[in-house]
Amino acid sequence: MAEMILKKSDLAEFVKSLLSDYQVLAPVKEDQKVNFAPVEDGEFLLDFQNTFLSPKHLFFPQSEKMFEFSTDKADEEAFILKEAGNNPQPRVVFGIRPCDAKAFQVLDKIFGNDQYADPYWFSKREATVLIGLGCNHPCPTCFCTSVNCGPFHEEGLDVLAVDLGDSLLLRPLTEKGRKVLEQAKGLTSADNQAGEKAAALKAEAEKAITRKVFTDEIAQRSVMELFEAAHWDRVHESCLNCGTCTYVCPTCHCFDIQDEVAGAVGDRVRNWDTCMSWLFTMHGSGHNPRPGKKERVRQRFMHKFKYIPLKRDGEIGCVGCGRCINLCPVNIDVRDVVRNMNA
Amino acid sequence: METRTEKIRETAKRLLSEGKVDVVIGYRAGTIPLRTAPYFARTVEEAENLIWNSHCRINLANFLPRRKDRVAVTAKGCDARNIVNHIIENQITRDQVYIIGVPCEGMVELDLILEKEGRPIQEIIESNGKLTLKGRDFSTSLERAEVLRQNCLTCAHRNPTVYDELVVDQVPELEGVDRYVDLKELLAQSDAERYAYFQNLVKDCIRCYACRDACPLCYCHVCFVDETMPQWLGKSIDPADVMTYHLLRAFHCAGRCTDCGACEAACPMGIKVRQFTRLLEKDVKELYGYETGLSLEARPPLTVYRPDDPQEFIK
Amino acid sequence: MQNPYKPYPVRIDKIIVETEDKNLRTFRLVFLDPEDEKAFNYKPGQFAELSVAGCGEIPIGIASSPTEKGYLLFTVNKVGSVTSVLHNMKEGDVMGVRGPLGNAYPLKELEGRNVVIIAGGFAVTTLRSTITWMLDPAHRDKYGRIIFIYGARTPGMLLYEAEWSAWQKRDDIDTYITVDREFPGWSGMVGFVPAVTEQVGPNPENSSALICGPPVMIKFTQPVLEKLGFSDEQIIMSLENRMKCGIGICGRCNVGPEYVCKDGPVFTLAQLNQLPKEY
Amino acid sequence: MTEEQRKTEEFEPKIIAFLCNWCSYGAADLAGVSRLQYPSNIRVIRIPCTGRMSPKFILEAFRRGADGVWVSGCHPGDCHFIAGNYYARRKFTLLNNLLHSVGLEPGRLHFSWVSSAEGEKFATVAKQVIEAVKAAGPNSRFVKSRVEVA
């Protein structure tokens, strides 16, 4: 299937034609924040910077039920964990930014390793079709082009949409994406001109990202050399060790598993967790392998820029979305940290 | 603001070169507009990076507990009050800390500016009470006074209460401000309305604990949220657990809070978490006549009592 | 899709109080479904998540050997919230076991070599599994000399007395059991594990050492082994870190790029030298 | 049982009473020995002094489903530890105001001073507390129900 054109005036028709088989999510502004919400027509945003929170919660909710159980001793099956039902409905997510889609691709390699696959992550991934929206105007905090990504990056997406003004160019990238476009109404074939215009927008957007960081030296150096570098003694000084950067990050994926009991029923729930927390690594014995702010701050950056690339075919655990830069209460700028690591 | 920056650098350089302190804790310019970062200047050269502007929202007293070195801190009225509170609570000694007092005319509210100006801001210039915001293809300006933080608009102690030196002359204190006018309206509502108000207030909470971590009062080695035996609250984003967290956090600040607003400044979700602490701050002032950090001699209200303290609610 | 987070239901068949302070108990667990036992195909050195519904999970080394059929053994120290609940459970209660998890001691690579096994305190659990496996008639002749050095603070704190007293009577394993100081009624060796190791003086030639114990024991035993001529590749250790998922995803047990739960817990000293000391 | 069913049937609340060992706990005993009648909705937790009360205990009781909480200690001036109840009184005042400000229904949280000689007062206050909690109905605001997540 070739590239297609969707007129913005036909967006509602496009969305409606998918509703029979899919739930459709798109960026919507609520309480000053743009986030994904279910839509049933064309009433959503195409002109936004990025969603406030990373969309990782679409596949990895902040709190997610894994199992349920009875704690009633009279129940024959008491204390035996039962699957809580993991049958996500098919979804189309429209307007996801390429950096966030790239993050899903990185996380695919983490939730699925050489031995295990996380069923909660992959069942939702498989049931979801991602229609990305290229960034014509990247934000001042974007640095995707420095970390194997870019404003029109296609990895992780099923379809890439490019905003051409009055219309969108839709480029199918996977079988899943083609299937959705075949079902959708309101599309016409794209001509060469549209493709050229998209290419020009891409070049312009890439040019607009002026702040580059480099990771070539990090790739060369050994774990211990990076780990023992002197700059870590200063980075953590201002850090509050709150979890903001990890919770808004599209690739941060650490979680905790907790049992919650209410009366005679209980649930095993997994929740986002953060390596910034003192409790995160705390042993039952009282020993803590990462006892201070320095160790915890270093872990986060080392994990993203050294450990993940080392173990996952060079993928960097950061996609340059800039959310942590915008939301860190004490302005710890990941670009500066990486510059120090690479120096 | 320029004068303050100059004077802070001057003072910091003098203190460092004379060996009076090991480190000067102040702010450096943010890497993006509208932000600053806490900065630890250890040399005369590093002191050149210190600045002062309208975005010094984080409370630097937060970095004092458990320090062993001698420190100088740039302190607004609220920061100074928190330093006093730390001294009273034996978190640092008076001799150890050199307070560089910075009389303050309020800090601006980041969320409010971002709300007023929806487009990405690439540069900000501040002069004569005006903020000029520049973006990709625009330039607008805002009055500083229009975008001050709510706690700054009702601030009762803009001048440091205790200090070793002031970088500029004292500024006039605000007069005739009712700090609690909105709370009084809220408290006049029914319990169901108040319940709905506070539930709605924290509905976006992601439990990152930035409000706790930005708060100078939260220096416990093990916070109640991290206690496991017993576990006082669940870790999911369940409404009951979220509310329990906010109530206990606020209660732990009772009689200690200066309403510095660091908690709100740190909250990534823009939750007005001060609404909880202000309820207690108001009660402490009205019932026990205490305001935190005004003097080194006053005892905190929960460490003392009067035989005739109010007790109408007790049967 | 197979759910790696789902525990197999098991019944507590027997609880053995191991030590005089009663804080160490061995739980003998039996699978409710015999099919699950077949699926739970483990090797010495691996661990499992013990799952107590309503309380949570804890990673515990498997103390039984695959050669012991019909049950699993776990020796649990009472320290945190889950272990405290576990210690209050009764025989017949139902709980869960998730695993086996982690790599194992490199028993295949150790074939044809002498094996020195050094344990301190309750870290002996997976080494009990290892020794039982190696002493099994089907495996014993694959290995050379086996030396077992095991120490605890007091005689009452030594685990698995029945096992090691039986090994002491055998001539295909040299067993040295030691306690920190003299105790009435104790006629065995006295002294810390590093000193005893030096005294025993195992020959490094064609040998590997498996060490598991508290950090302070490891800290002082390591130089003794180096002095005896053991290289970093010959010293094999088992780490522990706080864990949740146990399958290399949740990010909690990372030591540098390695997940202790999936890539470990067993590492050679040579490997550990390349990693941050975050364990 | 659904919330609706709970409301329509005669509502028997669960009330957690934190009683000071040196006074109200004795008063409960005395009330029992004196055969004073009061309904059985109260579950007693003995505490060494009201000064030991933490707001965590009260919130935890509500979170785990208590419909009411009652804290009772020694009259001001009579504290076994001289001033524990004076300090506690300030904490209770602030906590009581805070919880009511954020929407705790009136009649759910109670405080009292009952000495060990006041068996009769204990029974009277117990009845008052139970009545008030019954009037407030089942606790739904600060209780943790089955976890509401994805």
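Mentor: Two residues are in contact if their C-beta atoms, placed from the backbone, lie within 7 Å. The model discussed here is predicted.

Trainee: How many residues of domain 1 of chain B are in contact with domain 2 of chain B?

Mentor: Eight residues of domain 1 of chain B meet that 7 Å limit with 12 residues of domain 2 of chain B. On the domain 1 side, four of these residues are nonpolar, three are polar and one is charged. The assignment gives domain 1 as 2-109 + 148-303 and domain 2 as 110-147.

Trainee: What makes strand E7 (residues 130-135) of chain B a partner of E8(B)?

Mentor: Pairing requires at least two bridges, and E7(B) and E8(B) have six, so the two strands count as paired. In one of the pairs, B:Gly135 is bridged to B:Phe138 of E8(B).

Trainee: Why are residues such as D:Ser24 and D:Tyr25 in helix H2 (residues 24-33) of chain D called buried?

Mentor: They are called buried because each has 20 or more other C-beta atoms within 10 Å of its own. D:Ala27, D:Ala28, D:Leu30 and D:Ala31 are buried as well. The buried residues of H2(D) pack against elements of chain D including strand E1 (15-20) and helix H5 (119-136).

Definitions and conventions
Residues are numbered from 1 along each chain as its sequence is written. Chains are lettered from A and ligands numbered from 1 in the order in which they are written. This is a predicted model: local features need pLDDT of at least 70, side-chain atom pairs count only at pLDDT 80 or more; totals for chains, interfaces and linings use all residues. Domain bounds come from an automatic or database domain assignment. Ala, Val, Leu, Ile, Met, Phe, Trp, Tyr, Cys and Pro count as nonpolar, Asp, Glu, Lys and Arg as charged, and the others, Gly among them, as polar. Helices (H or I, at least four residues) and strands (E, at least two) are DSSP runs, numbered from the N terminus. A residue is buried if 20 or more other C-beta atoms lie within 10 Å of its own, exposed if 12 or fewer, and partly exposed in between; C-beta atoms are placed from the backbone.
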